[in-house]
Amino acid sequence: MLDLLLLLTLLAIAIWVDSRIQRHGRGAIPRSAGADLGPEAHEYLSRVDAGLELPARDREEIRSELLDHLIDSVAAIEAEGLDQERATREALARLGNPGELARAMNRAHRSTRRLLAGAGGGVFEAGVGAVVGIVFGWILALLCVVVAAILLTTILRPVTDLAAGFLPAFDTDPNATGANTALFAGVCAFAAWMAARRAVRTSHRLSRWSIGTVGRWWALVGGGGLALLVVFVVRGQQTWLAVPVELLIPVAFAFGALFKAHKTFSYAVPHSVLAIGAIGALVLPVVLLMGTSTSAGSYTYSYDSTEQERAWDSVAPAWGQRTYPGIVTTDTGVMLGSPVFDMTYTVEDPATLAGFHDLRFETWRAVHYAGAPAIAQEAMVPDPAYAAPYVTQPALVQDGRIRLHLDLGRVRTTSWLVFLTGVAADGQRYRLIRPEHYVSTFDGTVWEWLTAGS
Amino acid sequence: MGIGQIRGQLLKGTTPLLVLRVLSDGELYGYEIAQRVRERSGGAFAPSEGSLYPALHNLEAAGALVATWRKSDRGPRRRYYRLTEVGKGMLAEHESAWASFSAAMKQAMARPDRA
């Protein structure tokens, strides 16, 4: 939820900053020039201007040039004996239909050379915008995180405490790496928004194509290209938190381009479509996050030793009144944040395993539970949504050691509980070691994540 | 079709050539260009002022002309156009093409000698 608020804040700030930048540099030509020409001439010039689909600077220059022409033309006609009103009318008639003149000027300003310059300049400016956006985005993100942290722990504390009982828990991923990916993706989405706006502005200025057309092309090509890149090419640590934010990058680019085009000329996309799209893009991550918090509601009850024991016993009851035989865990290169784990267990007292057969490692999906029993590590318990372990592996005792090589492959789940079990003489399977909590990450593309098993 | 329309059709496409030719004499601004064309043709060719500016901007976009803004004593800034090397080459090509075209037209339009 915090990252969503952060993204919204960043977008709002970006729009405000850009609007401030846009206000600069307008109105270069004094309106007092040609004031003695009369309203008819200025009306004509305004109609030409309305038909121009060119950058503001070009439009101002055309207006200035035509104004200069009209001043000369009217003066020359007046010298022939006509009064100013008729002279102005005659001068305007010689210039022809303002709409046709504007269309001819639009065509005249477009050339292959300028189109290529517009495309190249736009790509360059998009790169600059992306760099500026990332730097600026990180600064803003850090500021927002600090401010949010201060507010949430001070003034807003009573509100968040009150709301905690009603809001769904989004704590589906205790791994901080996923949050970092989401934060970076959020910054990238902000940078994409900035890049798109700069690209559209520069392409429009250099190519002289209408900003609406340029905006739509950038939205289609840039947004589409980024979507392909984000979904199929860029590899990273994927989580349910990060993926929606990553998908926001091409969406932010496309909307940045369309908004830039739409603000100056009011024909690109209706406001309602933009508003619905923007809201949809921002609500989507929340919906997806809520959809993934399947097990969050299962652990809202208060700690109850009986229920807790039942949860554990549904996996495998502890052997010997929750004491474990003499087996010591030796860390031999456990890689946190990797789907592959290696662990060696040293059997200090082999006699303790003599009464067990069918030894095996069981790997269970784990979920966070604040009231977890003391035998678990890091307040994690097996996810009750699953009745069976994700994977089981036979455990062989060799030279007083049991080696575990666990490759979780590409699976979205990130938290695991692994423990050794064995069947005792009474036919019951018991836990033989203290459960180990592992955190894995999913390294791959968004597409691989979306198509992976849960 | 009236004589004015016929003249308009004939003039169509010649505006860039006339503009380039006039500007080969030196730097001029829009209104001056229109006047100079009219004067040089003895009033026979007067490019439509509405088509003059698109032609100027088109030639500028093609790199044939370069425009410079200068202050004017009687109103807004004034835009002066100057021929570039590309423009000079373009003028030579246009002149050559026009010479062969007009010669061919003259020959085609000549009345056969009935004698």
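In this predicted model, 10 residue pairs are in polar contact across the interface of chain A and chain B, both residues of each pair being at pLDDT 80 or more. H3(A) gives the most, with 13 residues.

The interface also holds three salt bridges. B:Arg78 forms a salt bridge with A:Asp68, and the closest N and O atoms are 3.2 Å apart.

As for extent, 26 residues of chain A are in contact with 22 residues of chain B. The area buried between the two chains is about 2,100 Å², and carbon and sulfur atoms give 53% of this. In chain A, the residues that lose the most area to chain B are A:Glu65, A:His69 and A:Asp72, together 27% of what that side buries.

Within chain A, helix H2 covers residues 39–51. H2(A) has 13 residues and reaches 19 Å from its first C-alpha to its last, close to the 18 Å expected at 1.5 Å a residue.

Which residues of H2(A) are buried? They are A:Ala41, A:Tyr44, A:Leu45 and A:Val48. These residues cover an arc of only 95° around the axis, so they lie on the same side of H2(A). An α-helix has 3.6 residues a turn, so residues three or four places apart point the same way. On the other side of H2(A), A:Pro39 and A:Ala50 are exposed. What covers the buried residues of H2(A) includes helix H3 (56–79), helix H4 (84–95) and helix H5 (98–108) of chain A.

Methods. Residues numbered from 1 in each chain as written. Chains lettered and ligands numbered in written order. Predicted model: local features only at pLDDT ≥ 70, side-chain atom pairs only at ≥ 80, totals over all residues. Heavy atoms only, no water. Helix = DSSP H or I, 4+ residues; strand = E, 2+ residues; numbered from the N terminus. Expected span 1.5 Å × (residues − 1). Buried < 20%, exposed > 50% of the residue type's maximum accessible area, 1.4 Å probe, protein only. Arc of directions from axis to C-beta. Contact = heavy atoms within 4.5 Å. Buried area = accessible area lost by both parts, 1.4 Å probe. Salt bridge = Lys/Arg side-chain N within 4 Å of Asp/Glu carboxyl O. Polar contact = N/O pair within 3.5 Å; in protein donor to acceptor, adjacent residues only side chain to side chain.
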